[in-house]
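Keep the sequence and the model at hand while reading.

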Amino acid sequence: MMLEHALLSIRVGEEPAFEESMREALPLIESAEGCLAPKCAVRPKMDRSTFLLVRWSSIDAHLSFRETELFTAWRALTHRYYREVPVVTHFHEPLTY
């Protein structure tokens, strides 16, 4: 399993519209093959950024999603609100003992 973390910087004044679009977009990513749990959290208004956490079955599942029409629809709903290109990081599952 793999955890995707994306830091999304939202344009000033666009936060409410972004949040509404994200409500439509989350079911799209959730329906992608290999997507296990998407979550989006908004930081305080003074920060103007949001983060997206998505648990995927594998990094290949995430990369495959980016080649689908679901991703195209996701992008149309969300990317127009970004101030800059999102910073995306992939993490492996936590260590267990």
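Which residues of helix α3 are buried? Before the answer, some conventions. The model is predicted, so local features need pLDDT of at least 70 and side-chain atom pairs count only at pLDDT 80 or more, while totals for chains, interfaces and linings use all residues. Residues are numbered from 1 along each chain as its sequence is written, and side-chain values use heavy atoms, with hydrogens and water left out.

Helix α3 covers residues 69-78, and its buried residues are Phe 71, Trp 74, Leu 77 and Thr 78. Buried stands for under 20% relative accessible area and exposed for over 50%, with partly exposed in between (1.4 Å probe, protein chains only). Helices (H or I, at least four residues) and strands (E, at least two) are DSSP runs, numbered from the N terminus. Viewed down the axis of α3, the buried residues fall within an arc of 125°, so they line one face of the helix; the arc is taken from the directions from the helix axis to the C-beta atoms. Glu 69 and Thr 72, on the other side of α3, are exposed. The buried residues pack against α1 (15-30), β3 (49-56) and α2 (59-65), where contact means heavy atoms within 4.5 Å. At the N-terminal end, α3 is capped by Thr 68, which has a side-chain oxygen 3.3 Å from the backbone nitrogen of Leu 70.

Met 22 lies in helix α1 and counts as buried because its relative accessibility is 4%. Leaving out residues up to four places away in sequence, Met 22 touches Leu 8, Cys 40, Trp 74 and Thr 78. Met 22 and Trp 74 are 52 residues apart in sequence, yet 8.6 Å apart in space, C-alpha to C-alpha. Ser 21, also found in helix α1, is buried at 5% relative accessibility. The side chain of Ser 21 makes a polar contact of 3.4 Å with the side chain of Arg 80. A polar contact is a pair of N or O atoms within 3.5 Å; within protein, one must be able to donate a hydrogen and the other to accept it, and residues adjacent in sequence count only if both atoms are side-chain atoms.

Next comes the sheet. It is open and has 4 strands in the order β2-β3-β1-β4, with antiparallel pairing; two strands pair if DSSP finds at least two bridges between them. β2 (35-42) and β4 stand at the edges with a single partner strand each, so one side of each has no neighbour in the sheet. β2 and β3 pair over 7 bridges, and Pro 38 stands opposite Val 54 in β3. Helix α1 packs on the sheet, touching β1 (2-9), β2 and β3, and its direction makes about 170° with that of β2. Such angles run from 0 to 180 degrees between N-to-C directions, the axes being lines fitted to C-alpha atoms, for helices over the stretch in contact.

Last, the rings. Rings of Phe, Tyr and Trp (its six-membered ring) pair if their centres lie within 6.5 Å; planes under 30 degrees apart are stacked, over 60 edge-to-face, and the rest tilted. The count is 4 aromatic pairs. Phe 18 and Tyr 82 form a tilted one, 6.3 Å centre to centre with 55° between the planes. Phe 18 lies in helix α1 and Tyr 82 in the loop between α3 and β4 (87-92), so this pair ties together parts 64 residues apart in sequence.
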